[in-house]
Amino acid sequence: MSETTNNVVEMATEKKYTLRKLEAKDIAPMASILAKIGLKEFKDCLQNTDVQAIMAGKDDQDAVNAVGMAVMFDIVGVILANYEKAQDDIFKFLASLSGKDKKEIESLSLSEFAEMMIEVVKKEEFRDFIKVVSTLFK
């Protein structure tokens, strides 16, 4: 590959944003999004027996990772299925996390937007929040 081609490939895969750490001020927008996507659907993602076993600390790290990935994809699926209802809140929330404005988030390519949503769901603080919230569903 030529040097020019390598630079183009690197630029195409370079992230154009950085997400800040989730904080207490993020609870309200996350709660609003969860309410709009439907708490029942969200609850169903967390009611899986494998997830419950992990929450109880009964499985090894490989199981935790496998179930964590499955739950992450379930959560992203629920968000996407109910996206239209929560779209404005999602744009505002991602703008807040990335330091971009809402219009910039609205203009992201589909792949960049999906990557950003997945990155949020993968954040340690998000997983910790979900773990605490899931105790409400027991």
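In this predicted model, the side chains of Glu 23 and Arg 20 meet in a salt bridge, with N and O 3.9 Å apart. Glu 23 also pairs with Lys 25, here at an N to O distance of 3.5 Å. Side chains of opposite charge can pair when their charged atoms come close. With a relative accessible area of 40%, Glu 23 is partly exposed, whereas Lys 25, at 55%, is exposed.

The count of salt bridges comes to ten. Another of them joins Lys 102 to Asp 88, whose closest N and O atoms are 2.7 Å apart. This pair links distant parts of the chain, since Lys 102 lies in helix H7 and Asp 88 in helix H6, 14 residues apart. Both partners are partly exposed: Lys 102 has a relative accessible area of 27%, and Asp 88 one of 33%. Through shared partners, salt bridges join Asp 88, Lys 92, Lys 102, Lys 103 and Glu 106 into one network.

Helix H6 itself deserves attention. H6 covers residues 83-98, and its end C-alpha atoms are only 19 Å apart, short of the 22 Å that a straight helix of 16 residues would reach. The helix bends by about 40° at Asp 89. Is Asp 89 buried or exposed? Its relative accessibility is 15%, and because buried means under 20%, Asp 89 counts as buried. Beyond its neighbours within four places in sequence, Asp 89 is in contact with Ser 32, Ile 33 and Lys 36. Just after H6, Gly 99 takes a positive phi of about 80°.

The buried residues of H6 include Ile 90, Phe 91, Leu 94 and Leu 97. In soluble globular proteins, nonpolar side chains tend to be buried together. The largest nonpolar core of this model has 34 residues, of which Ile 75, Ile 90, Leu 94, Ile 105, Phe 113 and Phe 126 touch the most other members. Helices H2, H3, H5, H6, H8 and H9 each supply at least two residues of this core, and H6 gives the most, with eight. Leaving aside its neighbours within four places in sequence, Leu 94 is in contact with Ile 105, Phe 113, Met 116, Met 117 and Val 120.

The protein averages a pLDDT of 77, and 69% of the residues score at least 70.

Technical notes: Residues are numbered from 1 along each chain as its sequence is written. Side-chain values use heavy atoms; hydrogens and water are left out. pLDDT is the predictor's confidence in each residue, from 0 to 100. Helices (H or I, at least four residues) and strands (E, at least two) are DSSP runs, numbered from the N terminus. The expected span of a helix is 1.5 Å times one less than its number of residues. The bend at a residue is the angle between axes fitted to the seven residues ending there and the seven starting there. Buried means under 20% relative accessible area, exposed over 50%, partly exposed in between (1.4 Å probe, protein chains only). Contact means heavy atoms within 4.5 Å. A nonpolar core is a set of buried Ala, Val, Leu, Ile, Met, Phe, Trp, Tyr and Cys residues joined through side-chain atoms within 4.5 Å. A salt bridge is a side-chain nitrogen of Lys or Arg within 4 Å of a carboxyl oxygen of Asp or Glu.
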